[in-house]
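These are my notebook entries on one structure.

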Amino acid sequence: MPIETVASVAAQVPGDATLLAFPYDSGLAPALDVDLPVPVAGLLAHYEAEGKAGEVVEVPVVRGGDVGRVLLYGVGDASPRSLRKAAATLTRRVRGRESLAVVTPEGDMSVFTEAALLAAYSYKIGSPGKRPVGALTFVGADEEQVRRGEQVARAVALARDLANTPSSVKSPDWLAERAAEQGVPVRVWDEEQLQAEGFGGLLAVGRGSVRPPRLIQLSYTPDEPAARHVVLVGKGITFDTGGLSLKPTENMKTQKTDMAGGAVVIAVMGALARLGLPVRVTGLVAAAENMPSGTAQRPSDVIRPYGGRTVEVLNTDAEGRLVLADALAYADAQLDPDVVVDIATLTGAMTVALGRHVGGLYASDDELAKRLLAAGEASGDRLWRMPLLDEYADALKSPVADLANVEIGSRFGAGSITAALFLREFAGDRPWAHLDIAGVGRSTVDEGLLTKGATGFGVRVLLEWLAGL
């Protein structure tokens, strides 16, 4: 979607110039040739408008002989959350129109721009249906803030596109090809290289598919020397049937988005250079397709993820933690990062715990947790810290291997916590955080900033956090 900024409403606005939006308190610029049928104050009083974020009063107007619309919109307290709601409401209100010119409110235009674009996102194969607004013009906005918001929104949209792509198209190799398009150096391990270097988790999960697994590494180094090195790890299961521990049919319908964490890592890595962030970042995407077949791993198999520790696989549908174990152990042994953050649609238990609007955060370091929580609030990708209870680790003790990949028995019944504890075993002693986005990675509604399907949750919080390092 084209975006333009202009200094005033008197400037030439391209496209459908009879569709304009004004904040309630802006007044109508004298240079704008628009006659409202009643005074603005009286109009707002008639509709009992309170100026809340998301509130819109629509007025038909005559401008230059054409009949158009003026949208008077509220922004509430002009906080980032209110600005996002106001922008999303405007964009959704004018779906199918050629363009919208918005006289911008006071406040952070990066979040306003980001929300306007995300609310206009659509993914459709075939007839597109009702299209989003064709173009946006922001009047009186800070150009730098607008462009930052645009870059963040485009990164989120990329993550959504990758996750929404059908798995008939999306293989681990396809995902590696998309990573190579992001403008940063990329290294890809194929099946033979994974075997030679001991990535037993990826190989075990990918055994049942005719489309072999890949480990994808993306590297971003800023122009100036960076004080810190961050590793981001994403789960890239391009389709998850559950393997031989087969999922029910209904649960399987959404599993093309099980690589949403990997999509987030790819999108963040592509946005870093465009945003010019001064931190060195390595992204790892552990990509595999979890399928049942005569070659698939079996419940009770014992595998060796990277580094040599043994894992008894009691449930092949707990595959995400196996591929993440490879990537986390590799990062710890070979990349020497200052901090590691992994992101994954990992457990259904997290959806039960926090629903579909807040992501789960586990962290081995209090300062890291504090910064990620703050970044979540600032970015709109809200997180809630969950406990890493050491006593629950006993549930992962296997009688035949170093670890089991799921809780043995039902002594604790804390599936998300035990999954995080399993990952911690491979992350090393450095500061580490795990984002479980199983609930927030997919949306079941089409409202606000969300469209049904992949959400791109995680892109905004990670970019916000990285910008503050």
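I began with accessibility: a residue is buried under 20% relative accessible area, exposed over 50% and partly exposed in between, with a 1.4 Å probe and protein chains only. The model is predicted, so I note that local features need pLDDT of at least 70 and side-chain atom pairs count only at pLDDT 80 or more, while totals for chains, interfaces and linings use all residues. Residues are numbered from 1 along each chain as its sequence is written, and side-chain values use heavy atoms, with hydrogens and water left out.

Entry on backbone angles. I looked up Ser 300, which is not a glycine and yet has a positive phi of about 95°. Ser 300 is placed in the loop between β10 and β11 (301-303). Helices (H or I, at least four residues) and strands (E, at least two) are DSSP runs, numbered from the N terminus. Ser 300 counts as partly exposed because its relative accessibility is 48%. Asp 336 also has a positive phi, of about 50°, without being a glycine. Asp 336 lies in the loop between α10 and β13. Asp 336 is exposed, because its relative accessible area is 58%.

Entry on the sheet. I found an open sheet of eight strands in the order β7-β8-β10-β9-β13-β17-β14-β15, with mixed pairing. Two strands pair if DSSP finds at least two bridges between them. The edge strands, β7 (186-189) and β15 (383-385), each pair on one side only. From one strand to the next, the twist averages 20°. Helix α10 (residues 320-335) packs on this sheet and touches β7, β8 (214-220), β9 (229-240), β10 (280-290), β13 (339-344) and β17. Contact means heavy atoms within 4.5 Å. The direction of α10 makes about 155° with that of β9. Axes are lines fitted to C-alpha atoms, for helices over the stretch in contact, and angles run from 0 to 180 degrees between N-to-C directions.

Strands β14 (residues 359-363) and β17 (residues 432-436) are antiparallel and share four bridges. Gly 360 has Asp 436 in β17 as its bridge partner.

Entry on the cores. A nonpolar core is a set of buried Ala, Val, Leu, Ile, Met, Phe, Trp, Tyr and Cys residues joined through side-chain atoms within 4.5 Å. The largest one has 85 residues, and those touching the most other members include Leu 100, Phe 112 and Trp 465. Helix α9 (residues 260-275) gives the most to this core, with eleven residues. A second, separate core has 48 residues, among them Val 231, Ala 286, Tyr 306 and Leu 346. In soluble globular proteins, nonpolar side chains tend to be buried together.

Entry on rings. Rings of Phe, Tyr and Trp (its six-membered ring) pair if their centres lie within 6.5 Å; planes under 30 degrees apart count as stacked, over 60 as edge-to-face and the rest as tilted. I recorded nine aromatic pairs by this rule. Phe 422 and Phe 426 form a tilted pair, 5.2 Å centre to centre with 50° between the planes. Phe 422 counts as buried because its relative accessibility is 0%. Phe 426, at 4% relative accessibility, counts as buried.

Is α3 (residues 109-119) mostly covered or mostly open? Helix α3 is mostly covered, with eleven of its eleven residues buried.
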